[in-house]
Amino acid sequence: MAPELAPEMVPNSTLELAPDPAPDLAARIRHAIDTKTKPPGSLGRIEDLAAQIALLQGTLTPRMERAQLTIFAGDHGIAAEGVSAFPQAVTAQMVLNFLGGGAAANVFARTAGVALRVVDAGVAAELAHPELIVRKIAPGTANSAHGPAMTAAQCERARAAGAALGADGHADAVCFGEMGIANTAAATLVAHKITGRPVAELTGRGTGLDDGGLRRKTEVLQRAAGRTGALTPADALAEYGGFEIAMMAGAMAAAARARRLVIVDGFIASAAALVVLTEAPKLRGAMVFAHASAEAGHRAVLAHLRAEPLLSLGMRLGEGTGALLAWPLVRAAAAMLTDMASFDDAGVSRGL
Ligand SMILES: Cc1cc2ncn([C@H]3O[C@H](COP(=O)(O)O)[C@@H](O)[C@H]3O)c2cc1C
Ligand SMILES: O=C(O)c1cccnc1
C-alpha cells in the first residue's frame, strides 16, 4: 500500500498527489496500459481511470478490492424558510431507514458489495441506535438566511470529526453520502460563494419543488447570499454549509491525503469537494466524480472543477447512490491494469 502523505509534504501547484514515488511512473503506467491486448485507447475513459488509480497508489498493479460508504446526516436551520419539498423530520426518519437497511443507498451498497455506515453529524432529533456513529456537533445548523449556519469552531470540529472517519479502516476507495433536508440550499450557497456563479443558476428543485417553490427558494438564497461579501472556502462552509457537508469535506481531504480514491457523489458531495479542492488543488488526483446529478447546480460545479463525471443517469438523490454505482467501474479499471495480459504475455500480434 502507498505510504500516507503528510499534508505538509503536498505542494498545491499540481493536480497529482506528490511527491511522486518515481518521476517516470506516469509514463510507465501509460505504457503498461497501451501494451495490454487491445487496440490502444480502446477502453476509453476506463484507461484514464486506471492511470489515475495507479498513480494514486504509486504502482503498476493497483488494487481495488474494498469500498466503503459513510453517510453523514445533519439538519439545516434554513429548512424553516420552506426551501425543501419535504419536512425536516425526514432527515432523522431516513437515518433510521439507513440503519434498518431500507434506503436506496443500502440496496445499491448491497448489490455492489460495499460496506455502509451512518454518522449523526447534527440531526435535530436525538437518535439512539447501536450502529449509529454519533458525532453530533449541534442539533442542526442555525438558519443561514439570517446569520451564520455555524461558528468557525463548530465547522472546524465537524471537519476534524470527518477527517478521523475519512482515513480509518482499510478501504481502497471511499464514498461519502449525505442526508439532510434542505441541504441542496446549503450546497448551493457554498458553491455560489466559491465559484462566483449566480445563485439563480445554481438553485435547483432538490427533493422536487414546483415552479413556485423554486422561485421562493431562489429568492431566499439570493437574500442569504447577500448577507456576506467574498468569503474563503472555510468561511463559506461555516457561513452557509451544514454539519454533514463539513464532515464530508474533512473526510474527503483526509482520505485523499491517505491516498484512498474518493468517489465523489452528486451535488452536495461535490460542494464539499469544491471546498477541499479550492483549498488543496493537488488532492484532485485522488478524486473521481461519479455522476452528473440532475440537480441544476451540479453542472456548474463540475465545470468549475473541470471534472467529467463517469455516469449520467438523471439521478438526484444523494446518499452516495451515484458513487456506489460508479464503484464497479473503478474496480474494473484497476483490474484491467493489474490482471489483463499484455501483447507479449499472451503472444498476440501488435497492430501497425
Ligand atoms: C425520502 C427522502 C430520501 C432522501 N435521500 C436523500 N435525499 C436528498 O434530499 C435532500 C436534499 O433535498 P432538499 O434540499 O430539497 O431537501 C437531502 O436529504 C438529500 O440527501 C432524500 C430526500 C427525501 C425526501
Ligand atoms: O445530487 C445530489 O447530491 C442531490 C440532489 C438532490 C437532492 N439531494 C441530493
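Let's start with β1 and β4. These two strands run parallel, joined by seven bridges. β4 covers residues 173-179. One pair to look at: leucine 69 sits opposite cysteine 175 of β4. Keep in mind that this is a predicted model.

Now the other neighbour of β1. That is β2, residues 115-122. The pairing is parallel again, over seven bridges. Here isoleucine 71 has valine 118 of β2 as its bridge partner.

How covered is β1? The strand spans residues 67-74, and eight of its eight residues are buried. Both faces are covered. On one side you have Ala67, Leu69, Ile71 and Ala73, and on the other Gln68, Thr70, Phe72 and Gly74.

Step back to the whole sheet. Six strands make an open sheet, with parallel pairing. Read the order as β3-β2-β1-β4-β5-β6. Which strands stand at the edges? β3 (133-134) and β6 (287-289) do. Each has a single partner strand, so one side of each has no neighbour in the sheet.

For β6, look at β5, residues 261-264. β5 and β6 pair in the parallel sense over three bridges. Valine 264 stands opposite phenylalanine 289 of β6.

Next, a helix on the sheet. α3, residues 89-100, packs there and touches β1, β2 and β4. The direction of α3 makes about 155° with that of β2.

Last, ligand 2. How many residues surround it? The count is 13. The closest are Gly266, Phe267, Ser293, Glu295 and Gly318. By class, the shell around ligand 2 splits into three nonpolar, seven polar and three charged residues.

Technical notes:
Residues numbered from 1 in each chain as written. Chains lettered and ligands numbered in written order. Predicted model: local features only at pLDDT ≥ 70, side-chain atom pairs only at ≥ 80, totals over all residues. Near = placed C-beta within 6 Å. Nonpolar A, V, L, I, M, F, W, Y, C, P; charged D, E, K, R; others polar. Buried ≥ 20, exposed ≤ 12 C-beta atoms within 10 Å, placed from the backbone. Helix = DSSP H or I, 4+ residues; strand = E, 2+ residues; numbered from the N terminus. Pairing = 2+ DSSP bridges. Contact = placed C-beta atoms within 7 Å. Axes fitted to C-alpha atoms, helices over the stretch in contact; angles between N-to-C directions.
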